[in-house]
Amino acid sequence: MIPGSFAYHRPSSVKEAVSLLGSLGDDARAIAGGHSLIPMMKLRLASPSHLIDLGGVADLKGIREDGKDIVIGAMTTQHEVIGSDLLGKKIAILAETANLIADPQVRYVGTIGGNVANGDPGNDMPAVMMCLNATYHAVGKSGERRIAAREFYQGAYFTALEPGEIVTAIRIPTPAARHGYAYEKLKRKVGDYATAAAAVLLTTSGGKVASCSIGLTNVAETPLWAEEAGKILTGSALDAATVKKAVAAAEAITSPASDGRGPAAYRTKMAGVMLSRALGRAKARAGL
Amino acid sequence: MAKSQVSMTVNGKKVEELVEPRTLLIHFLREQLQLTGPHIGCDTSHCGACTIDLDGKSVKSCTMFTVQANGADIRTIEGMAAADGTLHALQEGFREMHGLQCGFCTPGMIMRAYRLLQENKNPTEDEIRFGISGNLCRCTGYQNIVKAIQYAAAKISGVPFQEAAE
């Protein structure tokens, strides 16, 4: 398969990239790792006249601590997320999630910024970012603004990003040193999107859950933050009856499509199963 | 569309060529450089037959534009054997352990395994299976591919290869 023709641009700064996007207009697309966009271009479902490759922008790389946050450059690859000592020590759910995305080759090239910015409900990182209460740095021609992950996703491939804006970094509040976490993903095979998946981050105090945040992947038009389910679990010792109530609350906010991964009712049920498994592992990791 | 100049190192040789921006790396390697070892299997970044090594990464060359590889250091299956024809340990392993039947997936398997062994000299069977999970083989059932990689890991480390009991 051969994509349509385009002009190739390789800016070396965010400023240059944004000014190109602004001046070239609707026919221009930014490309990060390209593992969503290039397949679409090969199928001619996307045929931009201009491709703006972010691969040469050094400022979009790297993982650093900034006060109480960790900031990950948008062009950081999934492979780099998995290999990061800092992330391994502070936010281990990211490597656990990245290892469930696509396959090794795709992870060498696919980026965390592309994964969160693309708006594909099948992508895994968005629900994890909602779970972690991350914020995205977006830069356009009028400067930088910050958008909460929990407010970023508006529909399938439809996000709060304005035309001409790019996500430059992801800012995550560093979780408490002692926390429980898990990302549970049901998929039919390596490389598949989730039938359903759940992300859990919790902290404990005195044998009870002090805080609990839950994200769900691919069971609606957008990733979901299961706020109510998290509230139900807060203050509990994750006993079976409370977990059951929280799982029901999480299932209630899903609205998956029936597709090759199964009928909608099944996928809703699997979201609940993934959540209860993730809670079980997060509980063990938190030492509860 | 105007062509772009690209220069890169392919199997140790400096290459300068003109390409259309839309030329996929796999088409450039196969049709412009006549390196037909990397194969086009699925053409949708699932099967891994087009896998090459690029700047220390295993890359599916059907899902990258040649212009994105400008300046890169690339290795394909053609760059694995020594100049005198001595096979690389992985090639030898695939031959000795019957790691291929039709052979279509083999160049991609070997290039992926090459990077895997660079990052992990002594992988467990599980690590090998996880490491090659982006490469599909429709003949072997993977059993002998895993053995071939274990053979190569042992040979590279200079220890005798012990086939695990079935």
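Reply: Three strands of chain A make up an open sheet, in the order 1-3-2 and with parallel pairing, where strands are DSSP runs of E of at least two residues, helices are runs of H or I of at least four, and both are numbered from the N terminus; two strands pair if DSSP finds at least two bridges between them. This is a predicted model, in which local features need pLDDT of at least 70 and side-chain atom pairs count only at pLDDT 80 or more, while totals for chains, interfaces and linings use all residues. Residues are numbered from 1 along each chain as its sequence is written, and chains are lettered from A and ligands numbered from 1 in the order in which they are written.

At the edges of the sheet are strand 1 and strand 2 (28-31) of chain A, each of which pairs on one side only, and from one strand to the next the twist averages 25°. Strand 2 and strand 3 of chain A are joined in the parallel sense by four bridges, and Arg29(A) has Leu51(A), in strand 3 of chain A, as its bridge partner. Helix 1 of chain A packs on this sheet and touches strand 1, strand 2 and strand 3 of chain A, its direction making about 155° with that of strand 2; such angles run from 0 to 180 degrees between N-to-C directions, with axes fitted as lines to C-alpha atoms, for helices over the stretch in contact.

Eleven residues of domain 1 of chain A are in contact with 18 residues of domain 2 of chain A, contact meaning that the C-beta atoms, placed from the backbone, lie within 7 Å. On the domain 1 side, helix 1 (residues 14-24) of chain A gives the most, six residues.

Turning to the other chain, 23 residues of chain A are in contact with 23 residues of chain B. On the chain A side, the elements that give two or more residues are strand 1 (7-9), helix 2 (37-42), strand 3 (50-53) and helix 6 (104-109), and the largest share, five residues, comes from helix 6 of chain A.

Technical notes. Contact = placed C-beta atoms within 7 Å.
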